[in-house]
Amino acid sequence: MSPAPRCGILAALWLPTDSEGRLLRAALSANLAMLKAHGIHGILALGSTGEFPHFDLEQRKAALATVAELAAPLPVIANISDIRPRAVAELGRFSRQLGLSGVAIMAPGFFPSSQPDLLAHFLHAAEHAALPTYLYNFPELTGTRIDAATVAAFAERAPMAGIKQSGGEFAYHRELIALGREKKFAVFSGADTRLPEVFALGADGCIGGLVNIAPDLKTQRDILGNALRLLQALGIARPKVGIVTAVETVNPAIPATLDAQALVQLARDGEWPGAIVEGPLGFDNAISAEAARIKRIESRVAGDADLLL
């Protein structure tokens, strides 16, 4: 069993299916191979991107077993959310039997839940899974917000590894991050289009669906060029750009680091006049000059980037 992840970028895994809802193993294997090659830190299986409400209990168990097999050695967190407590318990026990790294649990949907009912539901899930547990707050989908007091009570009574914060209440990250530092759990964001803001607040990582899409070098070049033109139009004459990958060194086994190297060379060759482009950088040293100093990385961008790609 891989340790439950406490930081990094995790994929909210896309599960490809045919028109009858059957899992397409070859497509799933190819997607996981791509994610591994790009240095992903772990997997959340059967999350909202995984379309878990469309699968019955046996299909969810089969999908978890397939993901566990194909994702190894990456840590896998199973979303065991369900409106039925018995189904939650069964999925939790099955996740433990598979040797998964942890489980995630959302508020039960359809019926409104009081905060005491939510806490009881989450404790029931943690008891039966007997694995590190992540709360998953997405009130736009479930209809119920997990309040901070409920999060704190759960952290005091269960093996809480972290929480994923999704949905429109971006400001709630701040309260959860402060609580996580107090109660010793990680905070992951689902706001994968706002990562610079997320990490500036002190979040430990991101669990997002956009990582299932890997733009090629030409597309990254176009994205970067468009972003730099916007920054310069806004008055930032010499924008600083960090190209973020899983590691801060070029590694032929991680294609994203080769793309970062190529983008840096394009900048040096004058592709984007005025721009300072550095990479590959790990997300820690991209957002923290102190982290870069500790790792002995000399950088004009670390901790002072106008743009992270």
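Three strands make up an open sheet in the order β10-β9-β11, with parallel pairing, where two strands count as paired if DSSP finds at least two bridges between them. Its edge strands are β10 (276–281) and β11, each of which pairs on one side only. Helices (H or I, at least four residues) and strands (E, at least two) are taken as DSSP runs and numbered from the N terminus. The model is a predicted one, in which local features need pLDDT of at least 70 and side-chain atom pairs count only at pLDDT 80 or more, while totals for chains, interfaces and linings use all residues. Residues are numbered from 1 along each chain as its sequence is written, and side-chain values use heavy atoms, with hydrogens and water left out.

**Strand pairing**

Strands of a sheet pair through backbone hydrogen bonds, either parallel or antiparallel. The table gives their bridge counts.

| Strand pair | Sense | Bridges |
|---|---|---|
| β1 and β8 | parallel | four bridges |
| β1 and β2 (residues 42–45) | parallel | three bridges |
| β5 and β6 | parallel | five bridges |
| β6 and β7 (residues 186–189) | parallel | four bridges |

**Burial**

Strand β1 (residues 8–12) is mostly covered, with five of its five residues buried, where buried means under 20% relative accessible area, exposed over 50%, and partly exposed in between, using a 1.4 Å probe and protein chains only. Gly8, Leu10 and Ala12 point one way from β1, while Ile9 and Ala11 point the other way, and all are buried. Strand β6 is likewise mostly covered, since six of its six residues are buried. In helix α6 (residues 148–157), the buried residues are Ala148, Thr150, Val151, Ala152, Phe154 and Ala155, and what covers them includes α4 (115–129), β5, β6 (160–165) and α7 (172–183).

Ser113 belongs to the loop between β4 (102–106) and α4. Ser113 counts as buried because its relative accessibility is 18%. Leaving aside neighbours within four places in sequence, Ser113 is in contact (heavy atoms within 4.5 Å) with Pro108, Leu118 and Thr144.

**Pockets and cavity**

Grid points are joined across faces, edges and corners, and a volume is the space filled by probe spheres set on the points.

The largest pocket has a volume of about 1,100 Å³. Of the 32 residues that line this pocket, Leu195, Val211, Pro215, Val244 and Leu309 are the closest to its centre. The elements that give two or more residues to this lining include α1 (25–37), β8 (205–208) and β9 (240–244), and the largest share, three residues, comes from α8. By class, the lining has 22 nonpolar, seven polar and three charged residues, where Ala, Val, Leu, Ile, Met, Phe, Trp, Tyr, Cys and Pro count as nonpolar, Asp, Glu, Lys and Arg as charged, and the others, Gly among them, as polar.

The second largest pocket has a volume of about 360 Å³ and is lined by 16 residues, of which Phe52, Pro53, Ser81, Asp82 and Gly109 lie nearest its centre.

One cavity of 30 Å³ or more is found in a search of the whole structure, and the largest cavity has a volume of about 40 Å³. Leu44, Ala104, Tyr134, Leu135, Tyr136, Lys164 and Ile207 line the largest cavity, and strand β5 (residues 133–137) provides the largest share of this lining, three residues.

Terms used: On a 1 Å grid over the protein atoms alone, a cavity is a set of points where a 1.4 Å probe fits but cannot get out, and a pocket is an open set with protein on both sides within 12 Å along at least five of seven lines; lining residues have an atom within 4 Å of a point.
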